[in-house]
Amino acid sequence: MRSLARQARLIALACLLVDVVMFVAETPGLPGPLRIGGMLLIVAVDAALALPPRYSGQVAVAHAATAVALAALLKAAPEADWDLIGTVIAAYRTGAWLRDRASAAAVVTLAVGMTAATWVAGPGDLLAAVTGIVKDAFIPWLVGRYTSARRGYIAELRHNREMELRDATAEMERAADRMRTSIARDLHDVISHHVSAIGVHTGAARLRLAARPECADPDIIDSLTAVEASSRSAMRDLRRVLDVLHRTSHSSGQVGLGDLDELFDGVRRSGLAIRFRVTGVPRRLPGSVDIALYRVAQEMLTNALRYGDGTTVDVDLAYCETRVVLSARNPIGPRPQQSDRPSTGRGLAGIRSRVALFGGTVSHGPDGSGRTWETSVSVCFDAALPGETP
C-alpha cells in the first residue's frame, strides 16, 4: 500500500510539472493574474491525483470542472491548447479503481465537462473536439477497465490454484491416512500375533521349569523371564506405534529419555551390564526429539547385544550448552560367521535417518585400539519437526 501511494505521488508530480510547463508555454500573451490563477488551478487539480483510489470519482469531477474553467480563462488567449495530461490520468483512475456504475458515472461526468469546455471555448472543429474527448477520456477509461478486469482475472486464477493445491493436499492426507491404517492393520495382524505368541510360550516354558525343581536351571529361568519381559515391552511399543498410525496418541503416551531406566532394566535381564551417566543440566526437549533419542538409545543397546562381547556397555547422556549428545561404548565381540547374525547395516542407517530429521550429526566406529565400538549422536536443543514447537 505504501508503494502504491508513493507511485501515485510521483505520477501526480509528473503531471503537475508537465501541465504547468505546457500552460506557461502555450499562454505567453495571457495577462499575469490570469496566468497565475490558471497555474494554481492546474497545480490543485493535478495534486489531487495523489489522493487514495477511493477519491477517483471526485478527482474526475474536479478535472471536468477545471476543463470548463480553463476554457473560460483561455478566451483571452484563443490560440492556446488547454489539454491536460492530468485529465488522462484521472480518466484512467476511474476505470481502474471504481466499480461499474460509479466508474461509468465518473467518465460520463468527465466527458460532459470536456464537452462543456469545448462549447465555452467557442465554435471550432467538431470532429477534433469529439476526437479529443475520446482520446483523453474514454480510451484511458477503457484501459483502466481492462487493467481492473485483468487484475480480477489473475486473482481468480490464484484463488483457483490455491483451491487445487488445498484439494491435492487434502487428498494426499487422505491417502496417507489410508496407508497408515493399512500399515497399522498389517502390524497388528502379523507382528503382534507373533510377539504375543512368543510371550505366551516363554511364560509357559518358565512355569513348567519352575514346577520341576530337578530340571530347573536358574540361568535358563532368568533368560526366559527376560524374553517374556522383552515381549511385553515390545507389545507396549507396538501399541504406541499403532496409536501414532491411528492418530490416537498424545505426546504424553510416547516413550522418551525419561524411560531409559526401564529400557536398561529390560536389557540388563539379558546379562548385559549397563553403566549410565548423565552430565550437564537436563532440559526439556521437543517431543519428537525426545522420542528419537530414546529409539537411538534402544538401537545402540541392540547393536551392543548383537555385535559386542555381551559384557558391558557405557551410555552417556550429555546436556551441553546448545546440544544434547547421546553416546554408547561397548567392547567389540568376536567376528560373527557369515551365517551367524549377519549384519544388515539397518541399525546404523536407522540412527542416521532419525538424527538427520533434526539436522543432527552421527559418528560411529571402533576406537584407536580397535577393541571398543562407539556410537555418538548430537542434536540441537531447539530442533523439531515442521509444525512442532521447539
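Visitor: Taking a salt bridge as a side-chain nitrogen of Lys or Arg within 4 Å of a carboxyl oxygen of Asp or Glu, how many does the structure hold?

Guide: There are 9 salt bridges in the structure. Before we go on, this is a predicted model, where local features need pLDDT of at least 70, side-chain atom pairs count only at pLDDT 80 or more, and totals for chains, interfaces and linings use all residues. Residues are numbered from 1 along each chain as its sequence is written, and side-chain values use heavy atoms, leaving out hydrogens and water.

Visitor: In which sense do β1 and β2 pair?

Guide: Parallel, over 7 bridges. One place to look is Ile-274, which stands opposite Val-313 in β2. Contact means heavy atoms within 4.5 Å. For the angles, axes are lines fitted to C-alpha atoms (for helices, over the stretch in contact), and values run from 0 to 180 degrees between N-to-C directions.

Visitor: What about β4 and β5, parallel or antiparallel?

Guide: Antiparallel: 6 bridges join β4 (residues 361-366) to β5 (residues 372-380). Ser-363 has Ser-376 in β5 as its bridge partner. The two strands form a hairpin with 5 residues between them, and Gly-370 in the turn has a positive phi of about 80°.

Visitor: Back to the salt bridges. Which side chain does Asp-314 meet?

Guide: Arg-275, at 2.6 Å from N to O. Asp-314 is in β2 (residues 312-319) and Arg-275 in β1 (residues 273-279), so the pair ties together parts 39 residues apart in sequence. Asp-314 counts as buried at 18% relative accessibility, while Arg-275 is partly exposed at 48%. Buried means under 20% relative accessible area, exposed over 50%, and partly exposed in between, with a 1.4 Å probe and protein chains only.

Visitor: Which residue pairs with Asp-316?

Guide: That's Arg-329, at 2.8 Å from N to O. Asp-316 lies in β2 and Arg-329 in β3 (residues 323-331), so this pair ties together parts 13 residues apart in sequence. Asp-316 is buried at 11%, and Arg-329 is partly exposed at 24%.

Visitor: Where does Asp-100 find its partner?

Guide: In a salt bridge with Arg-145, at 2.5 Å from N to O. Asp-100 is in helix α5 (residues 100-121) and Arg-145 in helix α6 (residues 126-211), a link between distant parts of the chain, 45 residues apart. Asp-100 is exposed at 54%, whereas Arg-145 is partly exposed at 22%.

Visitor: Switching to helices: at what angle do α9 and α10 cross?

Guide: Roughly 165°, with the axes of α9 (residues 287-307) and α10 (residues 346-356) coming within 10 Å. That makes α9 roughly antiparallel to α10; angles under 35 degrees count as roughly parallel, over 145 as roughly antiparallel, 65 to 115 as roughly perpendicular, and the rest as oblique. The crossing is left-handed, meaning the near helix is turned anticlockwise from the far one by less than a right angle (clockwise would be right-handed).

Visitor: Which residues meet there?

Guide: From α9, they include Ala-292, Val-296 and Met-300, and from α10, Leu-348, Ile-351 and Val-355 are among them.

Visitor: Last one: is Thr-94 buried or exposed?

Guide: Buried, at 1% relative accessible area. Thr-94 is in helix α4 (residues 85-97). Leaving out residues up to four places away in sequence, Thr-94 touches Ser-56, Ala-60, Ser-103, Ala-106, Val-107 and Trp-141.

Conventions. Pairing = 2+ DSSP bridges. Helix = DSSP H or I, 4+ residues; strand = E, 2+ residues; numbered from the N terminus.
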